[in-house]
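Subject: Structure handover and what was found in it

Dear colleague,

I am passing a structure on to you with this email, and below it you will find notes on what was found.

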Amino acid sequence: QSVTRHADYQDAVLAAVVSGLSRSYRVHVVDGTDSMDGLTQERDVAMDVVISNISTTSHSQTETVKDKKVTKIYYRGMIDATLQVKDVATGEILYSPTFRVVGTEYEKHTSTEEALSSALAILRTKVRVYFNKKYPLSAKIIEGAVAKKDKQKEVYIDLGSENGAYKDQNFAVYIVKTVGGK
């Protein structure tokens with residue numbers, strides 16, 4: 001088994017992070033330092049991506065193909081990246097999630113490009129899932145819509161597709177009440 005570093009994939013890793021953020025629908029992504037002018041609102045953050053590893057491992061495996069033993073080389077991609085999320089106004093690091101992507105051994109990638117492409121797709125998904133959990137959608141019910149047999153079946157909420165909501169999405173619904181003064 002051998003390890004090969006791939007510094008030439010740094011831009012691809014950055015693009016995967018930006019794509020994952022954009023697909024989360026929880027954050028508005030502005031790529032580049034020039035466009036940070038004017039971002040000083042309380043909710044504005046900047047993000048640095050620190051890439052500590054972009055590599056592939058290769059291993060050879062002997063297989064029997066049509067009664068002949070054939071040695072094939074398979075690759076697995078690995079990416080380690082940390083996102084430093086900073087308050088724009090103060091420069092303080094608010095949180096710093098680390099994403100470690102290791103392609104599974106079951107994938108039969110026959111080139112480094114294929115293995116790294118798969119690892120980039122996994123990274124994109126991990127970033128999206130992280131930010132969806134970090135910033136969950138919430139809405140308030142504006143008014144009731146369809147009711148059947150004294151049960152509310154549909155309601156109007158103050159959230160739409162521009163906020164990341166989608167058709168047929170399910171929400172947990174609860175009533176906030178004061179109990180015992182709390």
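I93 counts as partly exposed because its relative accessibility is 41%, where buried means under 20% relative accessible area, exposed over 50% and partly exposed in between, with a 1.4 Å probe and protein chains only. Please bear in mind that this is a predicted model, in which local features need pLDDT of at least 70 and side-chain atom pairs count only at pLDDT 80 or more, while totals for chains, interfaces and linings use all residues. Residues are numbered from 1 along each chain as its sequence is written, and side-chain values use heavy atoms, with hydrogens and water left out.

To stay with I93 for a moment, this residue is part of strand β4, residues 93-95, where helices (H or I, at least four residues) and strands (E, at least two) are DSSP runs numbered from the N terminus. Once neighbours within four places in sequence are set aside, I93 is in contact with Q84, V85 and K86, contact being taken as heavy atoms within 4.5 Å. The C-alpha atoms of I93 and V146, which are 53 residues apart along the chain, are separated by 46 Å.

In one of them K86 pairs with D48, with 2.5 Å between the closest N and O atoms. This pair links distant parts of the chain, since K86 belongs to strand β3 and D48 to strand β2, 38 residues apart.

Another salt bridge joins the side chains of E63 and K72, at 3.7 Å from N to O, and K72 counts as partly exposed at 33% relative accessibility. R100 forms a salt bridge with D80, the closest N and O atoms being 3.2 Å apart. That pair, too, links distant parts of the chain, with R100 in strand β5 (residues 98-102) and D80 in strand β3, 20 residues apart. R100 counts as exposed because its relative accessibility is 53%, whereas D80, at 9%, counts as buried.

Two surface patches come next; patches are made of residues with over 30% relative accessible area and no salt bridge, like charges being joined within 9 Å and nonpolar side chains (Val, Leu, Ile, Met, Phe, Trp, Tyr) within 5 Å. I141, V155, F171 and V173 make a nonpolar patch of about 360 Å², with accessible areas taken from the Shrake-Rupley method with a 1.4 Å probe, where for residues only the protein chains shown count as cover.

The positive patch is formed by K148, K149, K151 and K153. For charges, Lys and Arg count as positive and Asp and Glu as negative, while His and the chain ends are not counted, and the place of a charge is NZ of Lys, CZ of Arg, CG of Asp or CD of Glu. K151 is found in strand β8, residues 151-152, and counts as exposed at 55% relative accessibility.

Most residues other than glycine have a negative phi. D67, however, has a positive phi of about 60° although it is not a glycine; it lies in the loop between β2 (45-65) and β3 (68-87) and is exposed at 78% relative accessibility. D168 likewise has a positive phi, near 65°, and is placed in the segment after β9 (155-157), where its relative accessibility of 66% makes it exposed.

Two further residues complete these notes. S118 belongs to helix α2, residues 112-134, counts as buried because its relative accessibility is 16%, and touches E107 and H109 when residues up to four places away in sequence are not counted. A7, in the loop between β1 (2-5) and α1 (10-24), is exposed with a relative accessible area of 58%; A7 and S52 are 45 residues apart in sequence and 9.9 Å apart in space, C-alpha to C-alpha.

Technical notes:
Salt bridge = Lys/Arg side-chain N within 4 Å of Asp/Glu carboxyl O.
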